[in-house]
Amino acid sequence: MRRLVPTRALLYLLSLIALELTPSTPSFAQVITAGSPRCPGVALTFDLCPVRKGSGYDQPLMDYLITHRIPATFFMSGKWMAKHESEVEQLLGLDFFEIGTHGDVHAHLPMHDADEQRTEILGPVTLLQEHYGHQARLFRPPYGEYNDVTVAVVKLLGLQFIQWNIESGDPDPTLSAEQIFTRVSKRAKPGSIIVFHANGKGKQTRQVIERLTRETLPAKKLRPMTVNELLDCTSQTP
Ligand SMILES: [Zn+2]
């Protein structure tokens, strides 16, 4: 006869479901892919996934964003942060930038149980808090992959789950700057959240960002905002 012994992970899941039913739980953690369509802004977001080769930091892109004080949101993975301490310090010190997290080792979350997902999600949140004194509330899953367990864990941890509604495709080496620019430029509209990379994987990213911020966004009367600004923004008035 099979013995029905609940595993630790199952018990944990059950406790999550119980929490899900508690009305006092904050309503964070539905998966956010865009801001209000009435908001005259877009969020330029940049994932900082770990890299095997190269510096892992797109200096020309960052110089452009910093020089022009362009609001942007970065999702840092723990593994990336471990190799880029001074960059983390610099980005945290700029008030037009916002910092979220992107998993610890860039794991495929749906392949893991609830305990493992919690460890992966919490790694860089704890590092930012303990080492840099920064509370990071925004979370984006590695590869954009998640399941119901991920949503429950993110909610339990009090984080906001931020995806996107425009994928630039910037790490794809077969796409030209023109192709990426056209794709993003056509789709950009009020409330868009656009995903790029700032870890050097996007060879065309700086060029695309320059054209977007100089041509597309002013022409469409949209301005770059951090994710939080975008989520707080509902009105037509700039
Ligand atoms: Zn990533």
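Helices (H or I, at least four residues) and strands (E, at least two) are DSSP runs, numbered from the N terminus. The views show a predicted model, in which local features need pLDDT of at least 70, side-chain atom pairs count only at pLDDT 80 or more, and totals for chains, interfaces and linings use all residues. Residue numbers start from 1 along each chain as its sequence is written.

**View A. Tyrosine 143 in the loop between strand 5 (138-139) and helix 6.** Tyrosine 143 is not a glycine, yet its phi is positive, near 60 degrees. Most residues other than glycine have a negative phi. Tyrosine 143 has 15 other C-beta atoms within 10 Å, so it is partly exposed (buried means 20 or more other C-beta atoms within 10 Å of the residue's own, exposed means 12 or fewer, and partly exposed is in between; C-beta atoms are placed from the backbone).

**View B. Histidine 106 in the loop between strand 4 (97-101) and helix 5.** Histidine 106, also not a glycine, has a positive phi of about 65 degrees. Because 19 other C-beta atoms lie within 10 Å, histidine 106 is partly exposed.

**View C. The crossing of helix 5 (residues 114-132) and helix 6 (residues 148-156).** The two axes come within 10 Å and cross at roughly 55 degrees; axes are lines fitted to C-alpha atoms, for helices over the stretch in contact, and angles run from 0 to 180 degrees between N-to-C directions. Helix 5 and helix 6 are therefore oblique to each other (under 35 degrees is roughly parallel, over 145 roughly antiparallel, 65 to 115 roughly perpendicular, and the rest oblique). Ala114, Gln117, Arg118 and Ile121 of helix 5 meet Val149, Thr150, Val153 and Val154 of helix 6, contact being C-beta atoms, placed from the backbone, within 7 Å.

Conventions. Two residues are in contact if their C-beta atoms, placed from the backbone, lie within 7 Å.
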